Amino acid sequence: ILQLMQHSWLVSPLTLDPAKLLEEFPRWLEKLSARHQGSIIIIIDSIDQIQQAEKHMKWLIDPLPVNVRVIVSVNVETCPQAWRLWPTLHLDPLNSKDVKSLITAECNSANIKLTKEQEKKLERHCRSATTCNALYVTLLGKTIACAGNRGNIDETLQQCLQCQDTVSLYRLVLRLIQESLQSDKEKGLLREVLCVIGVTHNGVSEAELMELYPELSSAVLASFIYSLHKMCLLTYSCGLLKFQHLQAWEMVRLEYMEEGESVISAYRQKLVEYFTMQLSRDRVTWRSADELPWLFQQQGDKQKLHKCLLNLFVSQNLYKRGHFAELLSYWQLVGKDKSSMAAEYFDSLKAYEKSCEGEESMVCLADLYETLGRFLKDLGLLSQAVAPLQRSLEIRETALDPDHPRVAQSLHQLAGVYVQWKKFGSAEQLYKQALEISENAYGAEHPRVARELDALATLFQKQNKYEQAEQLRKKSFRIRQKAARKKGSLCGFTLLRQRALQLEELTLGKDTPDNARTLNELGVLYYLQNNLETAELFLKRSLEMRERVLGPEHPDCAQSLNNLAALYNEKQHYDKAEELYERALDIRRRALAPDHPSLAYTVKHLAVLYKKMGKLEKAVPLYELAVEIRQKSFGLKHPSVATALVNLAVLYCQMKKQIEALPLYERALKIYEDSFGHMHPRVGETLKNLAVLSYEGGDFVRAAELYKRAMEIKEAETLLVGGKAASRNSSSGDAFSLKSALSPNIFLDPGQR
């Protein structure tokens, strides 16, 4: 949760105190949702591996903000009961056809052809839960392929059939690799390499392995890595060798570490000695900062861990790279509270300052003071954070220059503390100084200047100086927009054009489905570059080729029709777009399932186009179909169904069919209340729409009641997000706005979000 909160600095965390994180996170998410332009998607992989997941992830059960989506992956067996009701994509185990396909692909890559009898044996073997998973089957295929190169498939196949799970198959793979080595010395080195990788925090580099084992030559290490990588044991991550899968590490532990913790401890000690030797007081690599504290933690050596943490450069390295939670956990293991930790860091810095001489070391000292100040600020220790940040500012003004950009950085950090402390006058003065220095150093249109403008705008907003805040935000936005456009034109479009040229070279051959798909991709790439004329050319070629090769009724033709329709819609050639969308819809209705996403896509876009063209009668059946598709996909009581109902109700209101719209709004309101609770923003928007209908129907008392409820929700939302006004657009699709409870003409043009 801390990493999620630190990932977006758009809204600063309310607290970094572990005891309060769970309580504060939902409120922080609401604030982020209110300030973020667009959707927020949080993806959490293997969430069931989090200990006490139901307790620590309770916020997942609560209603999420309107524009927040969460995707999690979880094993069926370990999925908490409360999460089983969520919309689910279930990934089935491999069937016999999949197993055969995977093994055949591995064998084909080595030019190995299995006999029918061998294929049948493998198919019969891969039927249990432990032998039909993708990792086991892939590893099995690689093992058979390697055996084919050596000419002993039957013997190896018989050995594989004895392995009933992935770990035992990994053990067989390791024995086969050992048999391929030329000497006992190489076998011993292989053992050392695997064991030392297994006991590290994040893996080891090739250079580190060769320093740890001087007798290990680069040629031997290269052959090890080739074999181990090929057989899914090792992989590279950030230049470090680590195990590809947990089962591979489990196999090494069983194979080489039967004596248990004493063997693991010996390898850890070897690494401790290696990284301790590397450690110097004024130069710490990210590798030693990552590994050494973790190794002391694993060994339970609190004294050495404490000493390591007081190495200012180790702590600075961890904090600056976002390992705040890890650093905090080390201090908790040592048994120090936040105040004690702050005092010890400050004392260490004072002692270090006595040895500093010269500009370079003083600049380094200022960085250390700033890091400590930011760390204490993140911990909520605002009064303790001021002193190191103030000292950092003094050193930089003296060692560098009062107008140096790093002085602006110190001013910015110090101002941030005063903002949290609600000393707005002091903060404003510091931010303005930082802005002036940044403009002089970088120019008026630099992103650093935009940062200072944003900070000042936020400060003015906290003081209810909305007009001043808005002016600064607009100026900041123009700077960022210009910088993004420049960056995009230099980087993104260049890559797109290179990809387009590569694809063009691939389409010079004959008519094939693959070439048609490539032409379609080319059209999309040119469309992204806003080169609509060239995009139209390639999309037309793709459609023509698909119609010749696949037939005009093939679903791939519908994809090309859809893309062309979108292009004509962009060019405001609505009649052409309508014709193409209608053809695509006709094909997809006949070829696809009633709840298929591609069908839903075409229905949605054609309905919106009809509405844009004023063909409301033609749009109605499509909006009704959209409701049906969502009901089949998600069930009758899902919020997505409510959104589709609101869109249909808005259409009826445009057609002056308020009687048809009323039950749709009421049903949507019931779904939103059941799904999100009675105080959710979507409930408020729907109540507002119902108030409009009641007013139009002459039921002024009910209109007033509904509008009052809607405003109560709006006020509660405003309080929740710290006074941030919510979007005027509805979060639930197309919607009407209530201009005034007494206005004779209260319907506004509906706007789609």
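A: Start with the term contact, which means heavy atoms within 4.5 Å. Setting aside residues up to four places away in sequence, Thr371 touches Gln316, Tyr319 and Lys320. This is a predicted model, in which local features need pLDDT of at least 70 and side-chain atom pairs count only at pLDDT 80 or more, while totals for chains, interfaces and linings use all residues. Residues are numbered from 1 along each chain as its sequence is written, and side-chain values use heavy atoms, with hydrogens and water left out.

Q: What confidence does the predictor give the protein chain?
A: The predictor's confidence in each residue is the pLDDT, which runs from 0 to 100. Its mean over the protein chain is 82, and 88% of the residues reach 70 or more. Over residues 717-753 the pLDDT is below 50, and this stretch has 80 contacts in the model beyond near neighbours in sequence.

Q: How many helices and strands does the protein chain have?
A: Both are DSSP runs numbered from the N terminus: helices are H or I runs of at least four residues, and strands are E runs of at least two. The protein chain has 34 helices and four strands. Thr371, for example, lies in helix H19, residues 359-378.

Q: Is Thr371 buried or exposed?
A: Buried means under 20% relative accessible area, exposed over 50%, and partly exposed in between, with a 1.4 Å probe and protein chains only. Thr371 has a relative accessible area of 7%, so this residue is buried. Of the 753 residues of the protein chain, 45% count as buried.

Q: Which side chain makes a polar contact with the side chain of Thr371?
A: A polar contact is a pair of N or O atoms within 3.5 Å; within protein, one must be able to donate a hydrogen and the other to accept it, and residues adjacent in sequence count only if both atoms are side-chain atoms. For Thr371 the partner is the side chain of Gln316, at 3.3 Å.

Q: Which residues of the largest nonpolar core touch the most other members?
A: In soluble globular proteins, nonpolar side chains tend to be buried together. A nonpolar core is a set of buried Ala, Val, Leu, Ile, Met, Phe, Trp, Tyr and Cys residues joined through side-chain atoms within 4.5 Å. The largest one has 133 residues, and Leu140, Leu190, Leu194, Leu216, Phe224 and Phe375 touch the most other members. Domain 2 (96-265) and domain 3 (320-489) both give residues to this core, so it lies between them; the domain bounds come from an automatic or database domain assignment. A second, separate core of 64 residues includes Leu567, Ala577, Val620 and Leu687.

Q: What does Leu194 touch, not counting residues up to four places away in sequence?
A: The contacts of Leu194 are Leu174, Leu228, Leu234, Phe243, Val252 and Tyr256.

Q: Where is Cys232, and what is its phi?
A: Most residues other than glycine have a negative phi. Cys232 has a positive phi, near 65°, and sits in the loop between helix H11 (218-230) and strand E3 (234-237). With a relative accessible area of 8%, Cys232 is buried. Asn464 also has a positive phi, of about 65°, although it is not a glycine. Its loop runs between helix H23 (447-462) and helix H24 (466-506), and Asn464 is exposed, at 54% relative accessible area.

Q: What does His245 touch, leaving out residues up to four places away in sequence?
A: His245 touches Leu135, Tyr170 and Cys232. The loop that holds His245 is between strand E4 (240-243) and helix H12 (246-256). His245 is partly exposed, since its relative accessible area is 27%.

Q: How should I read Arg69 in strand E2?
A: Strand E2 covers residues 68-72. Arg69 is partly exposed, at 44% relative accessible area. Leaving aside neighbours within four places in sequence, Arg69 is in contact with Ile40, Ile41, Ile42 and Arg682. The C-alpha atoms of Arg69 and Ile42 are 6.3 Å apart, though 27 residues separate them along the chain.
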